[in-house]
Amino acid sequence: MVEIKNLHKSFGKVNVLQGIDLAIDEPGIIAILGPNGSGKTTLIKSILGMVIPQKGDILIDGKHILGEWNYRNEISYMPQIANFPQNLRVQELINMIKNLRAETTLDQALIQQFGLEPFLDKKLGNLSGGTRQKVNIVLTFMFDSPLIILDEPTTGLDPVALIYLKELIRREKERGKTILVTTHIMNLVEEIADKVVFLLDGNIYFNGTVAALEEQTGQSDLERAIAEILRNK
Amino acid sequence: MLKILKYSFFDLMRSRWSYIYFFFYLILGYVLFFLNNDVSKAVITLLNIIIVLTPLIGTIFGVMYYYSSREFTELLLSQPLKRSTIFIGQYLGVALSLSLSLVIGLGIPFVAYGVMRSGAIWDFTSLLVTGSFLTFIFVALAYNIALSFNDKIKGFGFAILMWLFMAVVYDGIIMLLMMKYQDYPLDKFALGAMMFNPIDLSRVLILLKLDISALLGYTGAVFQQFFGTSMGMVISMAVLSLWVLIPVWRIRRVAGKKDF
Amino acid sequence: MNRTIFILLFPLLVNSLLAKEIVVCTTCEVTNIQEAINRANAHDAIIIKAGTYLENNITIDKPLVIKGEQGAIVDGQSKDGIFLVAADSVTISGLTINNVGRSHTKDNAGIKTLNVRHFLFENNTFNNPFFAFHIQKSKRGVIRDNIIHGNAIDEFDSGNGIHMWHCSNIEVLDNKVDHMRDGIYFEFVKHSKVEGNESRFNIRYGLHFMFSNNDEYTHNLFENNGAGVAVMFSKYIFMKNNTFRLNWGSASYGLLLKEIYDAEIKHNTFEKNTIGISADGSTRVNVEENDFINNGWAIKFLGACYSNKFLRNNFVSNSFGIAYKGTLNSNIFDKNFWSEYVGYDLNHDGTGDVPFRPVKLFSYVVNKTPETIVLLRSLFVDIINFSEKVSPIFTPDALKDEHPSMKRIAW
């Protein structure tokens, strides 16, 4: 599905990615973990073509993606901070993305589920952070893409919405999707992730299941396992 | 690209600032035409305003729009769209909405005043054309600057400095240079210097209409040819177009390489 | 009473009754104009029928009326002059006079006079004359309603439309002159009048005065000439209701004043000239109630100008109002309308409450470095002009209009 070969990226003097090799072959939920500045977002943005690597290659379904744009039809991306044009209304934004991408009817159910109907005619600039994040979720899950990338998806969500989100992620997994998630909420990872990719200083420190990571570090839960890794660094 | 253009365009057209800009020109036009009743004087006042203001507004709007829509741009970047499509679309949206504010804002009072009974229609039209050119040029320059500076404050500051340089400082330097070297033949230098500043270039285009009698007072053969024939008009228009095309080409290039 | 008049006029009447008509045509008894003149007695009329007459140096040595009918063409075939008037009271009218010979030594003309009086030349058309009229040492004549088309290319190789030398009491009325060297030329001409003429596309001047005093020119149009009108070394010239337009080019102007004393310039329109009035040595000239519109410079002083008055003129949309070289002496600007005046009128008496300074700093800069004109109307120029206005350093503090009019002056 996704194949990353010897990926290098630096911003000025800071080497953010130092030769990442990663292959995601089977569907499921992969959590990308790591401390702040470990290169999680850069890795995701490289896959999306938003960051252009200095060296290395990325293939999706066996096709080189550098400089391409059509492959993004196969990806749904949920960015970390949901800032949208202030003057646009919610419905207009949804229509616009549909217009740019493809027609879909999946948005109706999502809007209902997250209780966004009263906000459809509101301007995005007037929405709270949590509501904007819900809009963000709708925009992401309204397309039926084989690859879903979620960057800190839980930011600002209330507990009910969080439950809905987790359900959504599970449902998509059951439908055979590949889902990449970055998060700092370890409970979420333990709860949903099939695999964990742990980034440290621009390298992949660990790639495997949660259980394997706990075993490797000799800790009983993920949080402690991560702390252990960082302590021994 | 048309879709992006459309969204940026309507996004801006609905913003308060577009209305303010539009009404500013509308009121200015009415005041000039109806209080003054002297079209040629109105055209000269408009020239002074357009030459200074359209580049300034183009610069500010260009930079502001880029920075304020940065996250939205990222959202678009994750969609199946070409990068040049996104940036050129946005650029055209901004430039077009500003030009429309100018053309319609000034056009309404002018039409109301009576296009037909005024001999100044060509002066006025060329004012609007150069105003639109300046808008397209300075929004493009502002986009270039904004693309080169991730820091909003730096980008904004630099853009304003660029405007200040083009609008005032450049002419000051040119004048001092010409006065210092007044013993040398300067006509080629003088015309050449105008080509490297779009504000000067548009001003020269208007001067061709308003002040041709003074311009022809100078003896230099190059001046005579430039101002006395249609050559001045043709060259100025061509170079103005280059002033649009080169920055737009650079937007494409820089946007294609940039990380978001 | 009637009887007395009749008796008094009787000799004249008899004279005209006795006058005979000689008809010239290609099939007539007389086919040649010179021959007709030779046959004629004084005060006879010679009627020239349609046809082309190839003649040169036709000498008119007695008072005659020579009248061309429609289509009567005298062609000089570009050799020598055509008519030479050597007698008083000659009338030439209705002729088309073509192709006078060019010469560098002789002033060949369509109609030339020497030492005559009471002539009338009217309704003639000249094509390609070297000079059309060459009037020397003559008095009390009228030249009116003639049309003169030249094809002058170089100054040294061309002549003037209506050329006068040492004349007095001549009236030049309603003629149209184009493409000559000077449209109308006066040298040592006194008490004469130029009215209602149109002078266009002449390579040097539309009208040219040299050493001519007590003349007036009114209601003329000078358009697209090398320069409009040059008045040089003359006194008591009265210039009224003329239009000076589109006289463009380096050092071109609507009106040049050079060594002029006691002239009056009133109710003229100067429009779209490179320089409206260029004054190089003029004293006691009153410039009153004229319009200066869209000129490069409304008025340019080149030095030695004393005690001139500029009153109640309209200065509208000129690139530069006033420019000067050297020092500005006791010249007065008062009660003019300046379109770029931005002062206020708190007591609403129609006069601005702050003086207007028509000389801008930029005008001073352009005088020193002409190429800087490309910076005209730039923000930088506005800024330096403004700072100079606030505290004048380079421009003369004395040159100002103390009572600028708030409204355009109607005259």
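The following dialogue explains how to read several features of this predicted model.

Reader: Which conventions apply here?

Author: Residues are numbered from 1 along each chain as its sequence is written, while chains are lettered from A and ligands numbered from 1 in the order in which they are written. As the model is predicted, local features need pLDDT of at least 70 and side-chain atom pairs count only at pLDDT 80 or more, whereas totals for chains, interfaces and linings use all residues.

Reader: What is the mean pLDDT of chain C?

Author: pLDDT is the predictor's confidence in each residue, from 0 to 100. For chain C the mean is 90, and 95% of its residues reach 70 or more. The model as a whole scores ipTM 0.87 and pTM 0.81.

Reader: Which chains share the most contacts?

Author: Two residues are in contact if their C-beta atoms, placed from the backbone, lie within 7 Å. Of the 2 pairs of chains in contact, chains B and C share the most contacts. Chains A and C do not touch, their nearest C-alpha atoms being 36 Å apart.

Reader: How many residues do chain A and chain B each bring to their contact?

Author: Chain A brings 22 residues and chain B brings 19. On the side of chain A that touches chain B, helix H1 (40-48) and helix H2 (90-100) each supply at least two residues; H2(A) gives the most, with 4 residues. Helices (H or I, at least four residues) and strands (E, at least two) are DSSP runs, numbered from the N terminus.

Reader: How is the span of helix H4 of chain A to be read?

Author: The expected span of a helix is 1.5 Å times one less than its number of residues. Helix H4 (residues 129-141) of chain A has 13 residues and reaches 18 Å from its first C-alpha to its last, close to the 18 Å expected.

Reader: Are the residues of H4(A) mostly buried or exposed?

Author: A residue is buried if 20 or more other C-beta atoms lie within 10 Å of its own, exposed if 12 or fewer, and partly exposed in between, with C-beta atoms placed from the backbone. In H4(A), 11 of the 13 residues are buried, so the helix is largely enclosed by the rest of the structure. The cover over these buried residues includes strand E6 (75-78), H2 and helix H3 (106-113) of chain A.

Reader: Where is C:Glu171 found, and what does it touch?

Author: C:Glu171 is found in strand E16 (residues 162-173) of chain C. Not counting residues up to four places away in sequence, C:Glu171 touches C:Val142, C:Ser192 and C:Lys193. C:Glu171 is partly exposed, with 15 other C-beta atoms within 10 Å.
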